[in-house]
Amino acid sequence: MKKIGFLSFGHWTPSPQSQTRSAADTLLQSIELAVAAEELGADGAYFRVHHFARQLASPFPLLAAVGARTSTIEIGTAVIDMRYENPLYMAEDAGSADLIAGGRLQLGISRGSPEQVIDGWRYFGYQPADGESDADMGRRHAEVFLDILRGEGFAKPNPQPMFPNPPGLLRLEPHAEGLRERIWWGAGSNATAVWAARHGMNLQSSTLKNDETGEAFHVQQAAQIRTYRAAWKEAGHAREPRVSVSRSIFALLDDRDRAYFGGERGSEDQVGFIDPRTRAIFGRSYAAEPDVLIEQLRADEAIAEADTLLLTIPNQLGVDYCAHAIEAILTHVAPALGWR
């Protein structure tokens, strides 16, 4: 395990039990948690993107703010739903955020998953072309985004521009050098993992994937990662890819930990349907004393296959508790898994 970061879904609710009762609370605490995680030595601060929900949505203002407040930690998403995105506008936003962060952006994108509303992307002005599904549309948007990030000119310049142009066709600005190699695809199936490999994207595999074999979640996920790496090698890319998995992992160190997560002991995988046609398997949570956690995580085949582990954090419990939960893993569990 080379890198460990956190992943926040950015929930908020007006409930008095929540430490994030508004969007402002969630955004500002997300910045503070990234600062705290960097001070603890964590490698990454990642944020989920959901539309039409009391969760983090438009990611680039947050990523830019985190980039301005930190100096070493990777900053990313897991994931941006490309069905909702204008790829050209997104490339400008991503380039700006990456330059502010000094080249630390790690953008996870995906074709998306079931959302809070029916066909929410339609409200954003997008609809599949004839013969396309919404998933096809998301992948098409992703391909345009990847092409734009290469930084090659494609737009014919005005012969009488307001400001002087460089020679040739124009590209979008600002361009962030190297960002194209820091794009990840959130794959829910073996087939989309292969598609990501062929397009030269890193792989993000979360706690949910299509149930393709009926085996334990971590076994299926490990097979997905191996399939991805084989497809990457076959595609002949020059660099080595990165692979992340996300997990809910809590070290039970004190009474507060046990009160919050002691009930997760013995958690098991769950199977359900994310739409009428797709049977999915949801990975278990891990909650135990550090010595028990170490043995459980050593038996997780997908963690062994990945190079990056993202810890899902309960952001509504506040910055202090989330920093404590991250520190507990980094201090008491991660070194035994080969981190650092």
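This note comments on strand pairing and salt bridges in a predicted model.

1. Residues are numbered from 1 along each chain as its sequence is written. Local features need pLDDT of at least 70, side-chain atom pairs count only at pLDDT 80 or more, totals for chains, interfaces and linings use all residues, and side-chain values rest on heavy atoms, with hydrogens and water left out.

2. Strand S6 (residues 202–205) is covered on both faces, with Asn202 and Gln204 buried on one side and Leu203 and Ser205 buried on the other; buried means under 20% relative accessible area, exposed over 50%, and partly exposed in between (1.4 Å probe, protein chains only). Strands here are DSSP runs of E with at least two residues, and helices are runs of H or I with at least four, numbered from the N terminus.

3. S6 pairs in the parallel sense with strand S5 (residues 183–186) over three bridges, and with strand S8 (residues 243–247) in the parallel sense, also over three bridges, where pairing requires that DSSP finds at least two bridges between two strands. Gln204 is the bridge partner of Gly186, whereas Ser205 stands opposite Val245 in S8.

4. Asp300 forms a salt bridge with Arg247, the closest N and O atoms being 3.0 Å apart; the term denotes a side-chain nitrogen of Lys or Arg within 4 Å of a carboxyl oxygen of Asp or Glu. Asp300 is buried at 1% relative accessible area, and Arg247 is buried at 2%.

5. Arg226 and Glu305 also meet in a salt bridge (3.0 Å, N to O). Arg226 lies in helix H6 (residues 217–235) and Glu305 in helix H9 (residues 301–305), so the pair ties together parts that are 79 residues apart in sequence.
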